[in-house]
Amino acid sequence: IVGAIEKKAKEEGVEVGPTPKPGISGLRDWDYTLLSRYQPVYTPVCDQCCYCTFGKCDLSNNKEGACGINMEAHQARETLLRVITGAAAHAGHGRHILHHLIHLYGEDKPIEVGPSNLIAPNTQAVTGIKPETLGDLEEVMDYVEEQLTQLLATIHAGQEGAAIDFESKILHGGMLDHVGMEVSDLAQISCLGMPKSDPEAPLVEIGMGCIDSSKPVLVVIGHNVAGVTNIMDYIHDHGLEDKMELAGLCCTAIDMTRYQTDQGQKPQAKVIGTLAKELKMIRSGVPDVIVVDEQCVRADVLDEAKKLSIPVITTNEKIMYGLRNRSNDSAANIIEDLSTFKEPGALILDFDVLGEVAPELAIKMSKIREEMGIKALPGDDELQELSAKCVQCGACEMDCPDNLPIMEAMRAGVDKDFSKFEYLHDKCIACGRCDQACPKDIPVLNMIEKASQKLIREEKGLMRAGRGQISDPEIREEGVNLVLGTTPGIVAMVGCSNYPDGTRDLYTVADEMLKRNYIVVMSGCSAMDLGMYKNEDGETLYEKYPAKFLAGNLINVGSCVSNSHITGTAIKVAAIFAQRNVSGNYEEIADYITNRIGAVGVAWGAYSQKAASIASGCNRLGIPVVVGPHGSKYRRALIGKPYQEDDWKVYDARDGSEMPIPAAPEFLLTTAESIEELLPMLAKNCIRPSDNNMGRMIKLTHYMELSQKYLGHRPDDWYKFVRTETDLPLAKREELLKILEADHGWEIDWKRKKILSGPTMKSDVSSQPTNVKRLCKGEC
Amino acid sequence: IVGAIEKKAKEEGVEVGPTPKPGISGLRDWDYTLLSRYQPVYTPVCDQCCYCTFGKCDLSNNKEGACGINMEAHQARETLLRVITGAAAHAGHGRHILHHLIHLYGEDKPIEVGPSNLIAPNTQAVTGIKPETLGDLEEVMDYVEEQLTQLLATIHAGQEGAAIDFESKILHGGMLDHVGMEVSDLAQISCLGMPKSDPEAPLVEIGMGCIDSSKPVLVVIGHNVAGVTNIMDYIHDHGLEDKMELAGLCCTAIDMTRYQTDQGQKPQAKVIGTLAKELKMIRSGVPDVIVVDEQCVRADVLDEAKKLSIPVITTNEKIMYGLRNRSNDSAANIIEDLSTFKEPGALILDFDVLGEVAPELAIKMSKIREEMGIKALPGDDELQELSAKCVQCGACEMDCPDNLPIMEAMRAGVDKDFSKFEYLHDKCIACGRCDQACPKDIPVLNMIEKASQKLIREEKGLMRAGRGQISDPEIREEGVNLVLGTTPGIVAMVGCSNYPDGTRDLYTVADEMLKRNYIVVMSGCSAMDLGMYKNEDGETLYEKYPAKFLAGNLINVGSCVSNSHITGTAIKVAAIFAQRNVSGNYEEIADYITNRIGAVGVAWGAYSQKAASIASGCNRLGIPVVVGPHGSKYRRALIGKPYQEDDWKVYDARDGSEMPIPAAPEFLLTTAESIEELLPMLAKNCIRPSDNNMGRMIKLTHYMELSQKYLGHRPDDWYKFVRTETDLPLAKREELLKILEADHGWEIDWKRKKILSGPTMKSDVSSQPTNVKRLCKGEC
Amino acid sequence: MVDTTKNTQIYATWGRNVAKPVNPNVAGKLITKAKRPLMVVGSEILKDEKLVEKTIAIARKGVPVAATGHSITALVDKDIGAKYINVHSLGHFLGDKNWGGLDGQGSYDTILFIGHKKYYLNQVLAGIKNFTDLKTIAIERNFMQNATLSFGNLKPEVYLEALDEFIDNL
Amino acid sequence: MVDTTKNTQIYATWGRNVAKPVNPNVAGKLITKAKRPLMVVGSEILKDEKLVEKTIAIARKGVPVAATGHSITALVDKDIGAKYINVHSLGHFLGDKNWGGLDGQGSYDTILFIGHKKYYLNQVLAGIKNFTDLKTIAIERNFMQNATLSFGNLKPEVYLEALDEFIDNL
């Protein structure tokens, strides 16, 4: 099979590297290189293993279970399972939408994603395939599915026994995830008229407050826009745009607003928000019909909707809710049955039928539900009564994932002070565990929502529609600044809405880094939440900052599967700016990125297995990722030891000699406690060996300033990043030289303001840092 | 894609049914039919969910977690995860060996598995593909991998929310498993000279006692024989057969003994035994080199082997143990490094290198280890000392999966009575949890093994080498007896060695059912353990009973992947005896089997996820499976309610009318407490609606006799299976008629010894029971 | 008075809902008070003649008996109306309000367990615990964490004493 | 004397190894006896000025301070030598015998925790519990089940009292 790739490549004059379509062991040496510097840190979520029926087994204190596995290896295995689950979610999505689009547009439909030649950087780096048509993507998916099956096989009892090899498999799974995501987005961008590397992608209305509940409201939840486009077409073809509201939750919402906007058209839908808004939206009683597709859809949608007489339509084999398959029925019959509540919903896998049923049913249900006088949230008067029911047992707070102060709100509620419920609103991720916990059956979540109606009505913002990948010309323009560090770095804010302290934190982080000229890249739920806040001038950050791939710009690449464009960007810098061969040449590309591209991923509210696989895919490329404190429950971090000098050395590719490098990034995957801690971490971990003096100076300045601003002190380790006096922040150069002399014993030539001795690293712009011996001169 | 299948089928004159390559929803209606009669019964292994980082969540009392999923749906999801893990293990194995064999023999190598036309019953029923060459199997694997990825995707947070649809997905995963297994075995039988539907497959030496430890001993552990065949070739080509011992553990052992025996050659290796023997074998110190491939290999092999200076060679990407990849090294270098203990082992993915290294290293290590005087088990004198160290704290018994009476053995050991350790030997599955638990670091397992040396030396038996599938001519001969019930049923004893009360139970069950003329089919670990016991005449059951596909015969189909031939047999009966169309016609085939083929699977020692997926694949075909009590930890059974009359009705395909059927099988998946309970269950659950009077009489006789023999009573429900007097056991007909009259109020014509009224079911041999409305006359 | 509540050591946990350790007299009174109790007897009683005796003694006090596994072999002619049933099926039927019970008299409210393998019974109990409102009482030698109430882990001799006390309180 | 051992309710379990509930005086004495203690202070102390005070009081008794998150903002000029470190990294380094500690004086033996989010600290502790021999003591408002020793769940006012008593016993 690999032979065929090389043959095709030869015909096209493309050079194929050593590892097209790598198997599990294909990049193991590279993984071992990374893992020797960044050690796995295991924080089990459970001390037991319940995989097979020898068990369950108690593995505490790294004991062995009945199959001989120890805690360390099992934790790595648990992590691998999460990663391949995430990768499968994306790959499954990709395969589904690819089937669907090939069915509609044929195998020969060209891939069109903007003004790029390197249109599938992840795919090409991994598989060696340069896809040109939808049909070409099928072979890519075959490879991903084969490898995921191999990885899932290793989860079985009695397979891998070594934590380190599970770790290598984790990185393999993460890499596959980015290929699966890329295929998904390439296919849909090409066929569904989505923006193509467009810095001027339109702004989209977002927030619960932007929904006009006086109209029929059709709400779509999920990640896979395939069927939703038929609904949008129907609404458009029948001129229903003004007669109803079409709004989405989660990434389907993002992709709805990308649909048919590549020619400057207006987005045809609104975004409600993230997974954290799902239950709140349903409980509001506003939706007249709910359509779900796949991924990040609450499992209780049908139950919750049923209580409020909202019909639910499932449209994807991954979520069917036990509903009857009506795919071969007429729209009229289905609408009749659902509007008379014969059944609480239907499974419709035929998207033409779906396209008609969903909007028509919404229009019909709107009247019916109004006449029924559906009552959703408690009335003003009830809030006090409900508060009084509370016996202050603390069950809700014990069960709340963030242990929020609910009892306090109840106490105040007795005195008709509901402000404390309002305080909870933004911090609450609307998981509903409080409701489940309350022995008095108090609808805690509904009380929070009711008390926050004023806030919710004001939840109106703007999000830039997902622009797709960064184009080759953009890379050509900005690549050099990234590699030299004069653009201080890329901060990619991705992932879900499981924030430790509310959604506003995202805004704070993005604004701070944008002001400092970092490129901030958004995707998925984070991209949505960022659009919910406005500055003093009433502007969202999407309005405040431009959206090119340039320092100080704010980019939304798109939905969850668009995350592949973030890694794709790094690969493109290596391929286009540095002219490295891409095809099947993953290790060299990853090595280049590791040493030269200052990018950090942040998944501050990460909750999902997909976030774990996305992060692992970044990690294999040497891109570090920080997750919020809930991320500690991913069980496994990759953290280096800055105090172990031997770990921070690379080869100089010019002659294969060893050279010391700064301990940055310090980790590949870790957590932070608060955004105050996060901000200086971001700056510090954008430092790379390849920084020139100007670049290092800029990065160090931000690191030191952010430490001062958010942690109230100058960081202890700032001097370790100094190679020469020109690396020092200009404004404080003299002061810092004094400290270097006094506290660290460095020798300073005060006349010329030069460092004579002290630094462990030399400043040599022409050095070529690499972790891979074979890439050194005279090696191969 | 499906279009292509139908086109090819048309060219070949094959009719393709409605569901070639079904997606997740393709057979959902059939699943719902099964699930309405056999309800999921959830017995959680944990009350919590730790899938995503919203959690962990407490789901006790069927509460909802943070994503909205409830306990029921989560348990179904947990089960699905186990099932697809098992299916992936087989599919991953299949893909690996298929790649390997295509690499060696080419895409056009014909599939040759014996005198059959229907060579791939599972594959053809599911995919509609009739494979003829190795290359044809690739498309089959593509389908399996695509579907497994789709199923793994549904494990992700925020996907399926309904338990019933997870259940349908479980059955889908099980079905895929049998396709993956079938591909694996078809490929290896075709290329590796394995017996081809051979009732005369040779007998193989089995047991720890049959290893000559005075010779160099090379031990192979795992399931995938691909690399092992190179070792066998090397031994053969270099005439080393008599100079060393080659022995295997787990299914690799079974497949080693199948290798090159299809022309009547002698097996070239010995079988040590199951997973439960792995640790005992290593701890004995006998192996000089250990080679592992994949699946059911203890995770501590390397650690345990290292302690006894046994080099370990890993040969498969699924298990690499962190060992250095020496695939591109010379055999001499590797042997040098391992024999000087520079490294504890090596990863060798090049099977030519492996073929040389493993045997040569074993020969070399044998001398070295002898000279070193490696001491493995404690000496006779030490046993008492170690017993005396025991403080009777009970930690070992608390941690033993079977809570075996270890303290008692220790107490007796103080007085030099080691018989109680001997008693533990056969009941102990050698998991080693006792060792891990002991606060005094007493090597409990080694003590058991040492005390049982005499027993172990006598552990010598014979197993019939795996014969592969049941051939078409065999089906033609026996099919009618199975459908009419005159051959009372097939008892398939499969799966692992996690028995509740020792290995001998298997022998008891098989012998009892064989005596009663059931066809007993063995595979995998069960096939091995059955060969370990001899009757009074010193015969194993494999010697005592013939191995044709006829009543009262004992068949070993082969290794774990050969389980596909058991379901394949049922499919073949429908296709060949009943002339039902097979291709892409899964539902009709399953419906036929459900109503007409008296087969029960028993996985008495099931421990693995593979056992769960194998069982689920049987279940989708309507074949019931009983697992031992440890199987309750699979979390989910499928059990019907015999007292709910409406659940036990089918259509008569002649006119679509409803007809009552007996409540048999009563379950699709359940557990039994002891083999005494199991035996009558087996007989009862072989009863089918299609039994003719002779068949029903035979089956009922066995059910009643086994109840009497093993439970000491006549079963309460025997009369429910009586349709007419000729269904009654002949010897007791009069007595039973009296009971029917007296206790159940049936009307009897005593003159003609006829039942006049009473039975709920009619006896009508020409009725055509079906669960599928569309298969009734006038429906389609 | 035997204290059966002291040692509740376990090997693994299910979650936060754990059986309350119970003393024999309390357990006995609860069974007496139950509207519709059922004693589920497992095959492990066959390993000890004394256990068989005590099981029969409990049954004679009027507690209906479900005999699982092959425990029926020791109970079949003892005139206590013991009925064989598979314990996994029983777990399923117990959660069904429409089940007529072993005797057609309707469903049960309090279930007593004796003579079961620890790992097996804990699974059956995990189902009952999470999906039904039934009260389950384990009078086994080992602490059964998924019951509503359970004896702790007991020494063999203490266990027999505890059963006697339990019987006295019926 | 405040009893901090009563309420050890938890939402979820990890397994059979659970923190021993500890009283303030015992916890205080253990820290005093420790060869090389370390107090790890989380950002949650910033939510209550009183907590900051008590943290500083503990430090003043000679316990070295690792400030995680942004707790350093309240500790930086207090002359207690507090050093910032990420708590996840700290968990990693603590298990490394070759780590020189925050002050270069070598690794620690007893770790005290205050001011952390419950779910976050329990994860860090899960790592320390399973992979190191360190003794960990949580003097938090909530029962931290993965510590070696922990206060139970406390009311705010009781908690402050408990801290005072702890400080008195240093």
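1. Ground rules. In this predicted model, local features need pLDDT of at least 70, side-chain atom pairs count only at pLDDT 80 or more, and totals for chains, interfaces and linings use all residues. Residues are numbered from 1 along each chain as its sequence is written, chains are lettered from A and ligands numbered from 1 in the order written, and side-chain values use heavy atoms, with hydrogens and water left out.

2. Chains B and A: extent. Each chain gives 93 residues to the contact (contact means heavy atoms within 4.5 Å). About 7,500 Å² is buried between chain B and chain A, 54% of it from carbon and sulfur atoms. Buried area is the accessible area (1.4 Å probe) that two parts lose on being put together, summed over both. Thr53(B), Phe54(B) and His156(B) supply 11% of the area that chain B buries against chain A, more than any other three residues.

3. The interface has two salt bridges (a side-chain nitrogen of Lys or Arg within 4 Å of a carboxyl oxygen of Asp or Glu). Arg95(B) forms a salt bridge with Glu146(A), with the closest N and O atoms 3.4 Å apart. The largest share of the side of chain B that touches chain A comes from helix 3 of chain B, with 13 residues. Helices here are DSSP runs (H or I, at least four residues), strands are E runs of at least two, and both are numbered from the N terminus.

4. Chains C and B. Here 39 residues of chain C touch 48 residues of chain B. The two chains bury about 3,700 Å² between them. Three salt bridges cross this interface. Lys129(C) and Asp47(B) pair in a salt bridge, N to O at 2.6 Å. Helix 5 of chain C gives the largest share of the side that touches chain B, ten residues.

5. A helix pair in chain A. Helix 6 (residues 163–191) and helix 26 (residues 609–620) of chain A pack at about 105°, with axes 7 Å apart. That makes helix 6 of chain A roughly perpendicular to helix 26 of chain A. Angles of 65 to 115 degrees count as roughly perpendicular. Axes are lines fitted to C-alpha atoms, for helices over the stretch in contact, and angles run from 0 to 180 degrees between N-to-C directions. Among the residues that meet are His172(A) and Asp177(A) in helix 6 of chain A, and Lys610(A) and Arg620(A) in helix 26 of chain A.

Technical notes. Angles under 35 degrees count as roughly parallel, over 145 as roughly antiparallel, 65 to 115 as roughly perpendicular and the rest as oblique.
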